[in-house]
Amino acid sequence: MRITRLVCSNCGSILSGLGRDRLFFCSNCGSGWSNGDKGLEPLEIQCRASADSSLPLPFWMVKATTHVLKRTVRNEFTTTMLRFGSSYEEDVLAKKKSETGGLAEKRTFLFPAFPVDGLPGIGVNLSEHISNLPPVVESGNSLPDICGGSISPMDAAVLARCVAVGQETEKADWIAEIEIVLSSVKTAIVILPCFLEVEKVFIAETGVAFFRRSTPEWDGIVDYYSRRT
Ligand SMILES: [Zn+2]
């Protein structure tokens, strides 16, 4: 077993979080750390929640060149199903498709850095609202204490691809096959002020929300913030 001392390598403050947390934010100096195989490694941080935010939560912002290598769409999918009933005839269906691909574009993905059911779908919605995020808190201001960041930078890159696939399947056509790879992946943690309204957790001013019961760590997160005040 390897033990990592959770101390900010920049200013020496003690870092805290929940038992499964892998991402740590120093509320004293504003630096971020990921607890990886080689100990604490620096993380890029954008803090967009003030110190008095009651529910600041960590999100991954992943910038990547998204290559849609192949995108196959079925034509007349519905009529084909009606015409051929439940039998699947590959040779007939094979003629009724069109293929595009070779598209490469820079995309920015935003999604929770903690497990939530339906995370890729939340990421598809949240990524559309990146321009609505609150401003970055300037250095020199007091910063919030956060917890809950348990998705590693490597897993974040995998999840960013899931969000990209989600964006493609949301398009209004009969997608049959998709092949996507990401390159030049850059990750950063964005801390956003969240608000609890009855059963739902709203993410900053984006209008995007998730049910608190879909977050396995929810009780721990609430406990952490209530102990802090
Ligand atoms: Zn520090």
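**Figure 1. Overview of the predicted chain.** The chain holds five helices and 10 strands; helices (H or I, at least four residues) and strands (E, at least two) are DSSP runs, numbered from the N terminus. The model is predicted: local features need pLDDT of at least 70, side-chain atom pairs count only at pLDDT 80 or more, and totals for chains, interfaces and linings use all residues. Residues are numbered from 1 along each chain as its sequence is written. Of the 229 residues, 29% count as buried. A residue is buried if 20 or more other C-beta atoms lie within 10 Å of its own, exposed if 12 or fewer, and partly exposed in between, with C-beta atoms placed from the backbone. Among contacts between residues at least 6 apart in sequence, 69% join residues at least 24 apart; two residues are in contact if their C-beta atoms, placed from the backbone, lie within 7 Å.

Figure 2. The three strands are ordered 1-2-3 and their pairing is antiparallel, where two strands pair if DSSP finds at least two bridges between them. Strand 1 (23-25) and strand 3 (39-43) are the edges; each has a single partner strand, so one side of each is left without a neighbour in the sheet. From one strand to the next the twist averages 30 degrees, with axes being lines fitted to C-alpha atoms, for helices over the stretch in contact, and angles running from 0 to 180 degrees between N-to-C directions. Strand 1 is joined to strand 2 (residues 32-36) by three bridges, and Leu-23 stands opposite Ser-34 in strand 2.

Figure 3. Helix 4 (residues 153-169) has 17 residues, which at 1.5 Å a residue should span 24 Å; the end C-alpha atoms are 25 Å apart, which agrees. The expected span is 1.5 Å times one less than the number of residues. Buried in this helix are Ala-156, Leu-159, Ala-160, Val-163, Ala-164 and Gly-166. The face turned away from the buried side carries the exposed residues Val-158 and Thr-169. Packing partners of the buried residues are strand 5 (56-74), strand 7 (103-112), helix 3 (119-127) and strand 8 (175-197).

**Figure 4. Strand 8 and its partners.** Strand 8 pairs with strand 5 in the antiparallel sense over 16 bridges, and Val-68 stands opposite Ile-180 in strand 8. With strand 4 (residues 45-47) the pairing is parallel, over three bridges; here Ile-45 stands opposite Ile-189. Within strand 8, Ser-184 has a positive phi near 45 degrees in a residue other than glycine. Ser-184 is exposed, with 9 other C-beta atoms within 10 Å.

**Figure 5. The hairpin of strands 8 and 9.** Four bridges join strand 8 to strand 9 (residues 200-203), and the two run antiparallel. Glu-197 stands opposite Lys-200 in strand 9. Two residues lie between the strands, and Val-198 takes a positive phi near 50 degrees. Val-198 is exposed, with 6 other C-beta atoms within 10 Å.

**Figure 6. Lys-96 and Arg-74.** Lys-96 lies in the loop between helix 2 (90-95) and strand 6 (97-100). Lys-96 is partly exposed, with 15 other C-beta atoms within 10 Å. Lys-96 and Arg-74 are 22 residues apart in sequence, and their C-alpha atoms are 5.9 Å apart in space.
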